[in-house]
Amino acid sequence: MPTLTIDGRTVSVAAGATILDAARSAGIDVPTLCWYPKLPIVGNCRICLVSVDGAPKLAPACATQAADGMSVTTESVAAVKNRQGVLSMLLERYPAEEIPEGGYRNEFEQLVRRYEVPARRQSGMALRTGDERGGDPIIQHDMSLCILCTRCVRACEDIQVVGVLDVAHRGDHAQIIVGADGNPEHAGCTWCGECVRVCPTGAIHDIIPLAARAAAAAGGNGASGNGSSGNGHAPAVPTAEPAVLRSKDLPVLDRAVRSVCPYCGVGCQIDLEVKNDTVVHVRSPWIEEPTPNQGSTCVKGRFGTDFILHRDRLTKPLIRRGWTKADGRWVFDPAHDGADRWPRRGGPWRDVMGESQTKKRRPKTNPLRTMPTGPSPLGDPRDRVATPAEWYEPFREATWEEAMELTAQELVRLRDGYGPDSLALFSSAKCSNEDNYVLQRMFRAGIGTNNVDHCTRLCHSSSVSAMQRAMNTSAASGSMVEVEKDADVIFILGANTTESHPVFGAAIKRAVKRGATLIVADPRRIELAAKAHIHLQMMPGTDVALLNGMLAHVLEAGLEDREFIAARTHDFEQVRAAVRPYTPERAEAITGIPAGLIRRAAELYARGPRSSTLWAMGLTQHKTGTDIVTSLLNLLLACGMIGRLGAAMIPIRGQNNVQGASDMGAIPMFYTDYQPVGDRAVRRTFARAWGVPEERLSLTPGLKVTQIVKPGSGVRGMYIMGENPIISDPDVAHAEAWFKELEFLAVHDLFLTETARYADVVLPGASFAEKDGTYVNTERRIQLAAQAVPPPGLARRDLDIAIELSRRIGLATPYDTAAEVMEEIATVTPSWRGVTHARLAGPGLQYPVLDEHHPGTAFLFDEHFPTADGRATMVPVEFLPPAELPDESFPFFMNTGRQMYHWHTGTMTRRSAALDARESTPTVELHPADARELGVGEGDDVYVSSRRGRIRIAARLSSRVARRQVFVPMHYREACANLLTNPALDPYAGIPEFKVCAVKVEAVARAPEDASQSSEPLAHAGD
């Protein structure tokens, strides 16, 4: 370790460190402009030049390696004069007259003030000009502020691996350009905002919804924005839209609060910048700690959090008309308050579709080009995004006392009258660990049922089933940074990572750039497939045949890890016998992948030497999802690709806290930490911790989501927090019919969702920015998010609602804060024993955290698995076809999934101005050759029909899908993919077959004037 002296301080650094590294490790601020963390060093701005004793000239601190005995002066006369000269030169083409008197607006201007450079231009040279892209709702340019530091260019290329930006021309004419023609659409921009983050001047800046103006204009916020309140009032229909502000013109902020992005399972840390108790901006500063994103975000994390300011936010409890109090009890009277004007819980599904259908915009038309160019590029509110006004009519505003009293009464009535299992809870992968823990505790200890589940049932439950059976675990073995830096081979299956988990997708692209081999198995030619060394493009639902074929070739070639198999697994010979018939040729016949490609992929994976294995819902959302994941685990175990750095096993989790909600026992067969509900010793532990008799806790596993929403389940009442099953369940026409028959439904959410409109009671909750709590990302990292602002209006924090409701039904709940809840979680959760809110400050901890001194666990299974004997069990599986295959009547495969700019049921992203502007119209991906046969052009409307329903949707011609396959995003209620999907269930996990169903595609007859303007409502499944 070289030791040097910097400004009189002795500093020791690791070999290879630069002078800049050494200075910053000692807290000495050496100014930089072109340098930025994670970017390659270019040393071209000359701002960081320092004096080194004995050297003939100044040395760039960012590019000069620290040497033993070196003596450095960072603020020498020569260094300061150099900086002044450089800054003065940069000011020649900068609007210096706009620099505030005695102040500054950005990093560059701060240096101008620090070195007392006159804030004026002397040569009269013209300011730079460049792409202004008026009307862009996300990112805008003011190139008069550009100083050509090239941070943005290098960040786009080296961090995001997109390469949209470049430097054009030379000398006085040099400028930053977007693509070859200045159009970011053509260049492949993903609007991640990395350029915004690194720009030191604000030349590239973002547009910010500013809710304070909307609140002032409306006299409030959200569904009660007109100030009406009290018993008997109808809910006010929200009308106000946020105003906008440019980030480079931000006012002085009150504070910045560290939080966690509310979208995918990557778990990016972000800073919420607050003014007047309103989140006005999201920033992602460089975070040097080992956080998942180290400051980077995707378009959703950086620009999609303004949903918390949307006019649709619920701010008061709502009670369905007809509920009235008589003789001290609540009863439903359909003749009271005009309740008979509405069906018991809303209208038929076709009403939902008809109310939200609006004029379609052709997808080939750039949404940005249609935006108005006035002072507000967000444009007018869109009816398809807002909750339809009619949805509020069946409700009246209520007090919290009324809403909580009615909810508690009905839960207790159903529990006592029909038994605990007449009730069920849908918990939330969007809510914190503490929220989920308290609610499942209430239903288990206060109600007495294990009918507790959440959306993991619809995404990774088959992974949980397969991993529990094989290894007695259901979490990732390693970390995302491990994949980026240490993996030799990355095998990714059924995961469109660059769209669904873009920050992790960028890390995978960086790994490929450094030399890792990428193998992608996916029926679509997604971005990573195009960058892959091998793309295994199988027929949908044939994954078991592919994976068995790969393992059969590994064994035939003698590439298995015999030592690992002998020491760490059971039942290998049974698997060997099961896969022997699956030669690559047989696998080719089933999957459509050439046998030679299967052999090559198998050999690359088995030889590694460090192969990471990643998968997502493309593998899991099948009737055979558990078998598919099992066959992948067999391949992984046979090759020994687990338990060593660089050989990570990561099921990429979908939502921000789907891992944590499962860890907290929001699933029907386990308490926290996957402790089985049927184990009497486990029951005794939880009964003691919760202060209830053991007999109160059921030993019978509860019903799963997909079992609950079925006739004959016996469930009469439900409590739903932050879930929207009317959009997310398969064959939703039948799911809707089931919900309409419930005796009681309480929905606890941010908005009056498609599901909430069926409720008897709607409880307004808090967004991620409005509460304290913890979340677990896809690599088992527990992270703390702090409350930045209060909930709007009379909305309450989710934890406060859960605690009060627990107490009202008679369950002692002896805490009031999230930190206190975590203390109880730690006592009943072995792998979280050492977790406290105080210890989670900063990067958080990866569990297991075994005691208060344990540092957390970056990767698992290096010596043994958490089974009774430390070995994993391999399970033979056979290929079974999907539940439904194309035929003459329905000749296409339909696949569903996410898009870059939206998330799940669209509840949040479609209420984000920027995200909705980027992808406002639902489209179906259709192969160009199929489109020609159907007589369909880009943007034309088509009908997509299955045996369960029909939707009308615009066509997007794309070779990403294979012939006779289509892809429909899951986010749009006006073209609801789950009207079509197959409710066939995996027998182990209960997950539906979302990824494969048979459909037909038909062109919609076009009117002579322009069929694209049609507003015909979508057909009901029975029509």
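Which residues does Arg781 touch, leaving aside those up to four places away in sequence? Select Arg781 and show its surroundings: the contacts are Pro290, Pro292, Tyr775, Val776, Pro843, Gly844, Leu845 and Gln846. Keep in mind that this is a predicted model.

**Stop 1: Arg781**

Stay on this residue. Arg781 belongs to strand S30, residues 781–785. Arg781 has a relative accessible area of 7%, so it counts as buried, the cut-off being under 20%. Now draw two distances from its side chain. One goes to the backbone oxygen of Pro290, at 3.2 Å. The other goes to the backbone oxygen of Pro843, at 3.3 Å.

**Stop 2: Ala59**

Next, select residues 59–60. This is strand S4, and Ala59 is in it. Is Ala59 buried or exposed? Ala59 is buried, because its relative accessible area of 11% is under the 20% cut-off. Its contacts, not counting residues up to four places away in sequence, are Cys48, Leu49, Val50, Val52 and Thr64. Arg46 and Ala59 are 13 residues apart along the chain, and 8.9 Å separates their C-alpha atoms.

**Stop 3: strand S18**

Move to residues 423–426, which form strand S18. Show the side chains. Leu423 and Leu425 point one way, while Ala424 and Phe426 point the other. All four residues are buried. In a regular strand, side chains alternate between the two faces of the sheet.

Now bring in the partners of S18. Select strand S26, residues 717–721: it pairs with S18 in the parallel sense, over four bridges. Opposite Leu423 you will find Gly717 of S26. Then select strand S19, residues 452–453, which runs parallel to S18 and is joined to it by two bridges. Here Val452 is the bridge partner of Leu425.

**Stop 4: a five-stranded sheet**

Select S22, S21, S20, S24 and S25 in cartoon view. In that order they make an open sheet with parallel pairing. S22 (534–536) and S25 (649–651) are the edge strands; each has a single partner strand, so one side of each has no neighbour in the sheet. From one strand to the next, the twist averages 15 degrees.

Zoom in on S22 and strand S21, residues 517–521. The two run parallel and share three bridges. Ile519 stands opposite Ile534 in S22.

H23, residues 625–638, lies across S20, S24 and S25, and runs at about 175 degrees to S24.

**Stop 5: the nonpolar cores**

Finish inside. In soluble globular proteins, nonpolar side chains tend to be buried together. The largest nonpolar core here has 98 residues. Select those with the most contacts inside it: Leu33, Phe108, Leu165, Ile490, Ile492, Phe504 and Leu614. Helix H15, residues 502–514, gives the most to this core, with five residues.

What does Leu614 touch, again leaving out residues up to four places away in sequence? The list is Val483, Ile490, Phe491, Ile492, Leu493, Phe504, Ile508, Ile650 and Ile652. Apart from this core lies another, of 61 residues, including Ala403, Ala666, Trp690 and Val761.

How values were computed: Residues numbered from 1 in each chain as written. Predicted model: local features only at pLDDT ≥ 70, side-chain atom pairs only at ≥ 80, totals over all residues. Heavy atoms only, no water. Core = buried A, V, L, I, M, F, W, Y, C linked by side-chain atoms within 4.5 Å. Buried < 20%, exposed > 50% of the residue type's maximum accessible area, 1.4 Å probe, protein only. Contact = heavy atoms within 4.5 Å. Polar contact = N/O pair within 3.5 Å; in protein donor to acceptor, adjacent residues only side chain to side chain. Pairing = 2+ DSSP bridges. Axes fitted to C-alpha atoms, helices over the stretch in contact; angles between N-to-C directions.
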